[in-house]
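Please keep the sequence and the structure in view while reading.

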Amino acid sequence: MIDLRTVDGRSLGGQLIELAIWLGLAGLMYSQTGLFDREIPEYLFGATSWPRAICIVIALGAIGQFAHQMLLATGSGTDGGGDRRVRGRTIDFAKRIAIFVFPLIWLFLAPRFGFYLTAPFFVLGMLLLMEVRSPFNLFAVTAVVYALVLLIFTRFFFVALPVGRIQAFYDVNVAIIGIARLGI
Amino acid sequence: MDLFIQGTLNLFGDWQAISIFVFGLLGGMIFGATPGVNMLTLGAVILPFTVTMLPEHAIMLFSVIYCAGVFGGAITAILFNIPGAPENAPTCFDGYPMTLRGESGKAIGAAVSCSAIGGIASAILMMSATGAIAGWAVRAFGPQEIFALIFFGLAVSASIGAENLWKGWLSVLAGLLIATIGTDPVGGIPRFNEGGLFGLTFKSYYLSAGIHFIPIILGFFAVSEVFSQATNIAMGTRVRPKAGLDFPSVVDFWRVRWTMLRSVAIGFFAGILPGIGATLAAFLGYSQAQRWSRNRPNFGKGEIEGVVASETANNAATGAAMIPLLALGLPGGALTAMMMGIFQIHGMEPGPLIFINSGDLVWITFAAMFWANVCIVFLGWLQTKTVVHLLRIPFRWLAPGILMLAIVGAYALRNLFIDVWVMFLAGIAGYLLRRTGYSAAGVVLGLILGKLGESAFTKSMQLMDYDFLGFFGRPVSGVLILMGMAAIAFSIISEFRKRDRDADAGA
């Protein structure tokens, strides 16, 4: 008998969400193939056959995967080892979300304010999210990483990183590049 | 033999050639072993400087970087679970669990020795039979065989690194689907560069060029690993790896001798075929080692045979990849494509005549690849004793540096910030896939082989007049397709048997 609470260590709801995501992805991509469904004179199957075939196989695979988990639960007749989810505190949950959201915020800001100006704040933010609290460590690691990036990529390899779209910040970024390349 | 000796004398009789050789060796190892950048980054950066070099020195430099870079990628795979290049991805499966057990020295030692053995064997085979092998590979391998080989490779490698067969296949299929973004291989029609849903529409010129695999690889491996470790640190559940300095014993190597031989054969064969290269070689080597091993249940938990298989196979592909490049002018991968660029810069054309017109260039390259692999043994041993100390640096200090390198690596590829977005989104997706038992390596395998597979399939269909049974009309493709189907059937049966065993154990 299927335990409605857990299947293979994850909740049935979780399995259903997984199935829905795969089916949704396959359905969405399949529907978008209609936008480039044009004939190619020298190829009978056209531009859509390959991605459509993959979408169909993904949908079948997702159903197979779900059925497999159901069979696993039926076969074992157990609760699959119990609910292994860790019910953390709200603060832990917030920390985990911040680890993913912080780089995305930085990605939004970096092209506007420039890589050279925002990079130390990115390093500092990541260190804080990784529970580094000592002011000396925060400063030292940020300084070392930033100096290495400037030395290797700006001074030696001349990699053109974004300098910002806002004039004032653009000037600051260019000044940092100038300092990194002093003497060249 | 005389030509090899002459090549060696040319290499070591000139201080400039020696300097370039040492630079390539150290550069390849360092860039290969640094998370976030790889040998391609180094190749792209120094390509313009090759204009001023002699052509034989420039080609020799890139061939040495190739050998050393493929080896270097194993270090980060073993120490941090971040492969330096896609061909090192299977090394993570057993290398990182060995590090967590305090056997990092043993794992790196095995990777060093087997990389060198694979590379040396490949160099010897390359020197002895380049012309004959290249001719055979081109005659026997048309689009049908290439497609059949990719199908076979995916069939045997799909479930590697995933919780079960279904999740393995879904991971590979996701990679194949991502690979369809861009233009179709026959008509050049842009795919998925515009979309519309519920009245909302978008158009992206970036997507017309397709999604490059480098940001995806950096995202799936480097960024998702940092996210994974960061959340473990935040939750207080991180297991700290231990540094171990033991080198594997002779007995350890003797135990895996057949795995090494098998992986050399697989790697060399896969390396000859243009475009297939070291990635499929490593996955095939690993999956076959798992299939034939007596310690099969230990795979994925820190089995040294897994490290041996993937590292021997991917390095065995390096020498083989030079065969189609030199003999036919067909680059097999990104770095060999850069070598094509060097030939063009110097007004040369690789092909059968290169052995007659530019014998010096060919043999200094062969000699350099051979000696680079010999040097890897010694430098690798030294690296084993030193690089494992990186584990003593807290990961929370290294992580921002790894992310910074990954950001610069992804951006510098095409000077597009959107590549950095792709990398971070792939990192989040990779984190979620790993947490739910899917295989990030499977997605990357699908992504790399997807375009090549579709291109081979479309050409096959045109050649066979759209008759699917045409694959069975050619012996090599027929056998490969049948073997692939048998591998899928075998995997499904094994999955059901495993289910029954689990059920019996639970009863």
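## Two loop residues of chain B

B:Asp465 is found in the loop between helix H20 (440–463) and H21 of chain B. Helices here are DSSP runs of H or I with at least four residues, strands are DSSP runs of E with at least two, and both are numbered from the N terminus. The phi angle of B:Asp465 is near 55°, a positive value in a residue other than glycine. B:Asp465 is exposed, with a relative accessible area of 61%. Buried means under 20% relative accessible area, exposed means over 50%, and partly exposed lies in between, with a 1.4 Å probe and protein chains only.

B:Asn81 also has a positive phi, near 65°, and is a residue other than glycine. B:Asn81 sits in the loop between helix H4 (55–80) and helix H5 (89–100) of chain B. At a relative accessible area of 17%, B:Asn81 is buried.

## Basis of the model

The model is predicted: local features need pLDDT of at least 70, side-chain atom pairs count only at pLDDT 80 or more, and totals for chains, interfaces and linings use all residues. Residues are numbered from 1 along each chain as its sequence is written, chains are lettered from A and ligands numbered from 1 in the order in which they are written, and side-chain values use heavy atoms, with hydrogens and water left out.

## Chain A

Chain A contains six helices and two strands. From the N terminus on, its elements follow the order β-β-α-α-α-α-α-α. Of the 184 residues in chain A, 41% are buried.

## Salt bridges

Over all chains, the structure holds 12 salt bridges; a salt bridge is a side-chain nitrogen of Lys or Arg within 4 Å of a carboxyl oxygen of Asp or Glu. One of them pairs A:Arg52 with A:Asp37, with the closest N and O atoms 3.5 Å apart. A:Arg52 lies in helix H2 (residues 49–76) of chain A and A:Asp37 in the loop between helix H1 (12–32) and H2, so the pair ties together parts that are 15 residues apart in sequence. A:Asp37 is partly exposed, at 45% relative accessible area.

In chain B, B:Glu225 forms a salt bridge with B:Arg434, and their closest N and O atoms are 2.5 Å apart. This pair links distant parts of the chain, 209 residues apart: B:Glu225 is in helix H10 (residues 213–235) and B:Arg434 in helix H19 (residues 417–435). B:Glu225 counts as buried at 3% relative accessibility, whereas B:Arg434 is partly exposed at 25%. Salt bridges that share partners also join A:Glu18, B:Glu163 and B:Lys167 into one network.

## A polar contact

The side chains of B:Thr8 and B:Trp371 are joined by a polar contact of 3.2 Å. A polar contact is a pair of N or O atoms within 3.5 Å; within protein, one must be able to donate a hydrogen and the other to accept it, and residues adjacent in sequence count only if both atoms are side-chain atoms. B:Thr8 belongs to helix H1 (residues 2–12) of chain B and is buried, with a relative accessible area of 14%.

## A nonpolar surface patch

A:Phe93, A:Ile97, A:Val101, A:Ile105, A:Phe108 and A:Leu109 make a nonpolar surface patch of about 530 Å². Patches are made of residues with over 30% relative accessible area and no salt bridge; like charges are joined within 9 Å, and nonpolar side chains (Val, Leu, Ile, Met, Phe, Trp, Tyr) within 5 Å. Accessible areas come from the Shrake-Rupley method with a 1.4 Å probe, and for residues only the protein chains shown count as cover. A:Ile105 lies in helix H3 (residues 90–113) of chain A and counts as partly exposed at 45% relative accessibility.
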